[in-house]
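Have a look at the picture before reading on.

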Amino acid sequence: MTRVLSCIQPTGEVHLGNYLGALRNWVDGQDKADVFHGIVDLHALTVTEEPGLIGANTLQLAAMLFAIGLNPDVATVFVQSHIAEHSQLSWIMECTVSFGELSRMTQFKDKSAKREAEFVSAGLFTYPALQAADILLYDADEVPVGDDQRQHVEITRDIAIRFNHRFGETFVIPKAVTPSNGARVMDLQNPTAKMSKSEDDDAGVIYLLDSPATIEKKFKRAVTDSDSEVAYDRQRKPGVSNLLEILAASTLISPQLAAAKFSRYDDLKTASADAVVAMLEPIQRRYGELLKDKGELMRLIHKGNSRAQVVAAKTLSRAQNAIGFLGKD
Ligand code: TRP
């Protein structure tokens, strides 16, 4: 069976763009492939400094992943820092990738530029080596990613090929795949930019834990377009098209079909808000239940961890043996 790996950083609340663009596909995919999903807290450390925050975010994200429907009996959900092999293989990856290759990563260039006067850790620079370890440890055949992560999967392939060439066949060469029906959700206030969490302005971002009243308010204030025609046309009508895309993804119809049902922006906004509230209601309920029972939540996490650990340990020792470190016995 195809092994699929995708990971998410515990850096704050999950929003509708994460859910409709990626996470919902994880749930759909769990019965079609052997899926591994990591909560990559070591990656979050590249940009998080507050004591305790990563752990709290990790627990909440785990609850959210189960709340949206990942089934712990089928999907392997694990916490990256709980599997020491990630850090161990990461060093080997660092020694298999060049300074020049890491310097060309656009995500590093963007993130380090954005941090301006803030601390830019070496971890932010070597981040792709850790990501390569994540992917290669699980012999992943496929890594579903958005455009922003393709370069990281490419560099993982380059690293794997180089390692196999130097030390002999060890790693499966993964390939980046585009999630089959991921919706492109844009910011409600700025519909030409992808929805993403922001520290200062959340008016255009719907979080999965937003109350119905907040969701309604955010949709009511959503930016539309200057004329008054309801049509799906991303270029000409980004605001309205975004609402249609969200409504369509929430009700599992096409945006074009959704467009045909409305003649007024206000009605489209109300319908979009209602659809999102209805979609999120059961998720919020399960999330609340899970977080109330930390023991059960930890049990589910341990279940995934132990499956992940077995695979990771085997791959790491394969790599160590290929390199030919002195054995311990
Ligand atoms: N870099 C990814 C992101 O920011 C997160 C990530 C870490 C990842 N390791 C991974 C994604 C392995 C896919 C596979 O979204």
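Helix H6 (106–114) gives the most to the lining of the largest cavity, with three residues; helices here are DSSP runs of H or I with at least four residues, strands are runs of E with at least two, and both are numbered from the N terminus. H7 also supplies at least two lining residues. The volume is about 30 Å³, counted as the space filled by probe spheres set on grid points joined across faces, edges and corners. A cavity is a set of points, on a 1 Å grid over the protein atoms alone, where a 1.4 Å probe fits but cannot get out, and lining residues have an atom within 4 Å of a point.

A word on the source: this is a predicted model, where local features need pLDDT of at least 70, side-chain atom pairs count only at pLDDT 80 or more, and totals for chains, interfaces and linings use all residues. Residues are numbered from 1 along each chain as its sequence is written, and side-chain values use heavy atoms, leaving out hydrogens and water.

Now for the ligand. H7 (122–137) gives the most to its shell, with four residues. Which polar side-chain atoms lie by the ligand's nitrogen atoms? Tyr-127 has an N or O atom 2.7 Å from one, and Asp-134 has a polar atom 2.7 Å from a nitrogen too. A polar contact is a pair of N or O atoms within 3.5 Å. Gln-9 lies 3.1 Å from a ligand oxygen, through a polar side-chain atom.

Methods:
Polar contact = N/O pair within 3.5 Å; in protein donor to acceptor, adjacent residues only side chain to side chain. 1 Å grid on protein atoms, 1.4 Å probe; cavity = no way out; pocket = protein on both sides within 12 Å on 5 of 7 lines; lining within 4 Å.
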